[in-house]
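Please walk me through this structure.

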Amino acid sequence: MIRFTLNGESYAFPGPENTPLLWVLRDSAGLTGTKYGCGTGMCGACTVHVDGEASRACISPIKAIEGRSVTTIEGLSPDASHPVQRAWREADVPQCGYCQTGQIMAAAAMLKRLPSPSDDDIDRQHTNICRCGAYSRIRKAIHHASELSRKGPTGD
Amino acid sequence: MTELNRREFVRLCAITSMGLVIGVPGVGRAESSTRELHPLIRIGSDGRVIIYAQNPEMGQGVKTALPMMIAEELDVDWASIEIEQAGWDPRLENQFSGGSLTVRLNYNTMRQAGASARAMLLNAAANQLNRPVAELDTESGYVVDRNGDTRISYAELAEAAAALPVPDAPELKDAGNFKLIGTSVADVDMEQITNGQQQFSLDLKLPDMLYAVVRRCPHGDGQPVSFDATDARAVPGVVDFHLLRNVDHGGRIILPNCPNFVSGVAVLATNTWAALEGARKLDVEWKMPDSRDDSDDLMRRFEEAFDAEAEIVRSDGEPDSTDAEHSIDVTYRLPFLAHVPMEPMNCTARVDSDRAEVWAPTQNPPMAAEAVAKVLGIPQDDVTIHVARSGGAFGRRYYADFITDTVLLSKQFGRPVKTVWPREDDVRHDYFRPASAQRVRAAVNDGTITHWHQKVASHPREVYLERDGSPAEIGNYEFPAGFVPNLLFNYAAVPARIPLGQWRGTEHSSNVFVVSSAIDELAHAAGIDPVAFWLNLVGDEQYVQVREDFRFDASRLKEVIAVAADKSGWGTPLPEGRGRGISASYNQGAWVAEVAEVTVQNNRLKVDKISCAIDCGLVINPQGAVNQVEGGIVEGLAAALYGKITVKDGIVQESNFHDYRFCRMRDAPLIDVHFIDRSDAPRGLGEGPLPPVAPAITNAIFAATGKRIRELPIRL
């Protein structure tokens, strides 16, 4: 039994220890906002936060998560009001939308580390693939989320 | 696909839905509290208005744009309505997403749907009030008296309206009176996409469902002979195995309009990971087919075919010039390309004794229904197809191979089954954009192209052979046909068994690279500025009769070239190592021109900016439309920089994003999109922006470095 904290609550997974966190989240915990894209950590569609850091769940065996704290898109904010989520909506970022939860989780983790990223920072540090090619809007939304975070939750 | 091919495309799609019995429950959730005024419109006595998006959403924005057209005519407040994805419904026409046709084909039918329902509500109010309908009008969900003293909500009228006859030809608004069409609206699923609640097909879980992963034959035409499941059976959660042989169902590429799955051994498990691990640990003996294509060898055979007898697709004048002022004789090479949508192929099915219920991320619900009925041997009216929002598609989900295997597995095990494709299978077992070699011999005299001889060699997409009298890979109407007095198009078909399919931009993704590159080469050979050369080639006549039945509006091509050039700063000086290139095309009814600005430093390429001007007629949802253009440009960039599928011994060598790369943020250029303001009916938008990207970039590389790139992907 592997125990860890999932979106603020304790969670126990009884299955094999090599099961990637991605499939524990999706098939056992029923949290399907974390997506399967490549299974090899290259695309970022499965990005979650592990102890506050962005992590690719498809290559994280659940054994390595034991005792740690995992946040998924479902737990990023109680009412989808995180500045990154708000910025994503205001910029109308998604095309198909499939990778966007991973994009949002990656951007949220980056902004915590780097509250006002430059374009160059975004180029180097935001590495998730958007197969639809919504990069212009993702970049714009990251900058906008940075502004919203500085203004605080009420936007003033 | 060009405008001329649209009829054939529609015909092919229509064939797939022939012979259906009307009345199959296809439209999603039938709400008991609501009444159907049209297969796509339900209104409830509680005030709910549900509009169904007829065609599949795959990121191109039609789940937003189609209901906008209905809401415009129905006269309801956009913010107050609910929007659902329609399931397969044989009462509906054109229920597929492909060929940049969704908005074009449905612009009138969606508005008519809304206008019919509005007319029924007006008639119901007239009956209730005992007043002539001419004295009544509508206002955002209410029927109102023109004098302003009566106001009845659609909710109160829905039941009576639903019982009235549907008017044949309801009056439609003039474009000048649109309130919603032409305004920017966010994607209707925005909330769920950003909070993680959006349900894609892969997210579906049915009670008692098994998860399946198929260990597929590396060669698409091969078959499993036997397998040893000792190690696979030891994986916790693995339940059972099943040999899946496509030979019983027509093979993989023998039935091009109903393509079939790749054979293999299915592993059934209680969760996805167990199925993936089980499939990995299977030991399978394969029988490989005799035909073993090799993509490098195929490219050589394409070039050899230039000298063999080739089909004449179009012939005007005397194409081969003997004493031209300036001439080129060059060969371009284009690779196979995969689709690789971010959501890998998957499907969920529940097959009972004589019924099939399918949840699929399909672009083509009617063809999915046909394919399911065929492999199960049941009538189509016993098939239900629920259409999920697709995590990208780009042409891949037009086919039904990822659906047919799933229904067979569900039938075999008598339980719901979800089949999940590992990314590696998604890359290997695709229906690829055809590779081709193309040779252009052309000449310029007095600053004008006088001769153009283009030979295309590829292996053909069988389904579209002989379309409109042309092979699928080059049409007899393609630019610059009609603009050059002496012109010859040849096509040489080279047989091969690599599965081919529709890829965003279809044949234009190849041909626009060749044509826009050759025009640029000719401009430079003649010492003429490429934009001036293009404008001169397009000429001053508004219309050019390209073919007896195809009159081309050249003025609209000229305008997009001029706008793209102007917005890009064409002609202003750039520092050493930087350059601009132009390309233009007419594709799926839209005119597109793009200017790329690139930097080449230390033999490294950076695409800095793409300026795009596009004329696609009326734009329904401007901010959604810009998203489509940006997406098409990034996809074109990815193909130009990275896209190449390699086949050795009949087996695709690439398998995932490390060797079939796509653009990331650092690759993405600044994209500047300009729509030409039009009010004529919408034209194709989804594909047009892609094909001009690669030649704009390679022409810019030439401007920056003097190096001519004639093969994709770009290698400096």
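Helix H9 of chain B, residues 365-376, lies across E15, E16 and E17 of chain B. It runs at about 140 degrees to E17(B). Axes here are lines fitted to C-alpha atoms, for helices over the stretch in contact, and angles run from 0 to 180 degrees between N-to-C directions. Helices (H or I, at least four residues) and strands (E, at least two) are DSSP runs, numbered from the N terminus.

This is a predicted model: local features need pLDDT of at least 70, side-chain atom pairs count only at pLDDT 80 or more, and totals for chains, interfaces and linings use all residues. Residues are numbered from 1 along each chain as its sequence is written, while chains are lettered from A and ligands numbered from 1 in the order in which they are written.

Now the sheet. Seven strands of chain B form an open sheet with mixed pairing, in the order E10-E11-E8-E18-E15-E16-E17. Two strands pair if DSSP finds at least two bridges between them. The edge strands, E10 (238-244) and E17 (383-387) of chain B, each pair on one side only. Neighbouring strands are turned by 25 degrees against each other on average, direction ignored. Helix H7(B) also packs on this sheet, touching E8, E10, E11 and E18 of chain B. Contact means C-beta atoms, placed from the backbone, within 7 Å. Inside the sheet, E15(B) and E16(B) run antiparallel, joined by four bridges. There, B:Val351 has B:Ala356 as its bridge partner.

Next comes strand E20(B). 10 of its 11 residues are buried, so E20(B) is largely enclosed by the rest of the structure. A residue is buried if 20 or more other C-beta atoms lie within 10 Å of its own, exposed if 12 or fewer, and partly exposed in between; C-beta atoms are placed from the backbone. E19(B) runs antiparallel to E20(B), with 10 bridges. Their hairpin has two residues between the strands, and B:Asp446 takes a positive phi near 50 degrees. E21(B) runs parallel to E20(B), with eight bridges. B:His451 stands opposite B:Asn486 in E21(B).

Among the buried residues of H13(B) are B:Phe533, B:Trp534 and B:Leu537. Seen down the helix axis, the buried residues fall within an arc of 160 degrees, so they line one face. That arc is taken from the directions from the helix axis to the C-beta atoms. After H13(B) comes B:Gly539, with a positive phi near 85 degrees.

Key. Two residues are in contact if their C-beta atoms, placed from the backbone, lie within 7 Å.
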